[in-house]
Amino acid sequence: AQFHGAVYEYFRNSDLNANTWTRNLSASTNFASPFRYNQFGFNIGGPVIIPHIIPKGKMFFFFGEEWARYRNVQTQTGEVPTVLMRQGNFSELLGANIFYSKPTVIYDPATCPTLGAATCQPFTGNIIPASRLSHNGIAILNTYPVPNGLVSGNQNWIAQASQPENQRKETINSDILPSDKDRIQFRRTALAYYELDPFDQSLGITPKAFNRPNQAGSVAWIRTLSPTLINEARVTVSLDDVYIPVITSAAGFNRQTYGYNYPFLLPNGKDLPNKIPTAAIPNLTTLSGGPYPSHSTGPIYTLNDTLTKVWHNHTIKVGFYWERSGENDGDQINVNTVPGGSSNQNGTFQFSDTRSGLGATAGAGMANAALGLADSYTEIGQRAYTIYRGFLYEWFAQDSWKVNEKLSINYEIGRASCRERV
């Protein structure tokens, strides 16, 4: 009896890497992004012998485990409102600024039905009086991270965060030979994958993760009925699980800390009632609570049998295949939203500079946000849970005919039918 196995590790390290041009622009990131990659594991295989139960040469196994640890630091930049803007003070827009190509005046929307109208009167010093500020509009501006210096172009915020990724691969194989004519095979493969996305939705306040504990297994029975006739039957099961959780301790999932107090249009069935809304404001990075968390799983079951007959110069095969596949879908329908829609259960605000056709504007989207003047607000309701099932039935018959040393002819007939159920 012989056993064979191996133990191994491979690695990569940021000490061997050069820095990027973008990171070199900031003193806080003027070094190679920290990076670690380790891939390690082991495997062993050999016979299984149990005296008086499993004799030598009747059963064999293979077992392997592999792990991968990927440690990377992700760098993100963005355009965020200044500290003064969060107080309703837009005086910085009166001179050269990173938000507009020319000085921009903030008007009193009570006097300005359309941008450029003769009646538009500016706020003194481009400062909105405190009594006119919107509680929830200022909450939106305060949700943005604070600027930490001009990075490049109009980007005034930069941050970095760890992006760990873990993988685990497992392989279990076994072959049993109960007789000279029979072989039973067992195969199992599992792949668990986890990755943290610290800058999901761009600004680092609504991080999410990917968690995919996928696995597949099969059992096959191969029987030699005669020297020219073999039958192979196989059953498989696989599970494709997709979990996309969020890190609920992050600031973006605790909106009360920013002061939001607007009521929901559809208050029932919110996954995370304290998640921040989404807000699109001209010349600022889009603020987004995103469509997550979500979960779906896709079970697949198959059964097939193939009978092979060698007759003279022909290799004839007949068989059938059956599959039951499905999706237990708890994903939000609008992951990537449509124009005018929302991918956030907690609401999406759209702001513009002109607010065309809406009868009032301050002349800049960020000032309209501070005043609570949105172009539109959209909200979606309770997440749907959809159970989908599909069935496939198939039979076939084929022949590989070796006419001579230089000519082979392959031909086949078969039929497949599908049926769906939701």
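Predicted model: local features only at pLDDT ≥ 70, side-chain atom pairs only at ≥ 80, totals over all residues.
Biologist: How is a pair of aromatic rings described?

Modeller: By the distance of the centres and the angle of the planes. Rings of Phe, Tyr and Trp (its six-membered ring) pair if their centres lie within 6.5 Å; planes under 30 degrees apart are stacked, over 60 edge-to-face, and the rest tilted. The whole structure holds 15 aromatic pairs. Take Phe42 and Trp67: their centres are 6.3 Å apart and their planes at 35 degrees, so this pair is tilted. The pair links distant parts of the chain, 25 residues apart: Phe42 is in strand β2 (residues 35-47) and Trp67 in strand β3 (residues 59-78). Helices (H or I, at least four residues) and strands (E, at least two) are DSSP runs, numbered from the N terminus.

Biologist: Is Phe42 buried, exposed or partly exposed?

Modeller: Partly exposed, at 29% relative accessibility. Trp67 is partly exposed too, at 21%. Buried means under 20% relative accessible area, exposed over 50%, and partly exposed in between (1.4 Å probe, protein chains only).

Biologist: Why does the pair of Phe349 and Phe351 count as stacked?

Modeller: Their ring planes are at 15 degrees, with centres 6.2 Å apart, so the pair is stacked. Phe349 is buried at 13%, and Phe351 is buried at 7%. Both belong to one aromatic cluster, along with Tyr258, Tyr260, Tyr262, Phe264 and Tyr377.

Biologist: Which residue has its charged end over the ring of Phe264?

Modeller: Lys270, at 4.9 Å from the ring centre. Arg255 lies over the face of Tyr262, 4.7 Å from the centre of that ring. The rule asks for NZ of Lys or CZ of Arg within 6 Å of the ring centre and within 35 degrees of the ring normal.

Biologist: Why is helix α2 called largely enclosed by the rest of the structure?

Modeller: Seven of the nine residues of α2 (residues 135-143) are buried, so the helix is largely enclosed. Among them are Ile138, Ile140 and Leu141. The buried residues pack against β8 (278-280), β11 (348-350) and α3 (365-371). Contact here means heavy atoms within 4.5 Å.

Technical notes: Residues numbered from 1 in each chain as written. Heavy atoms only, no water.
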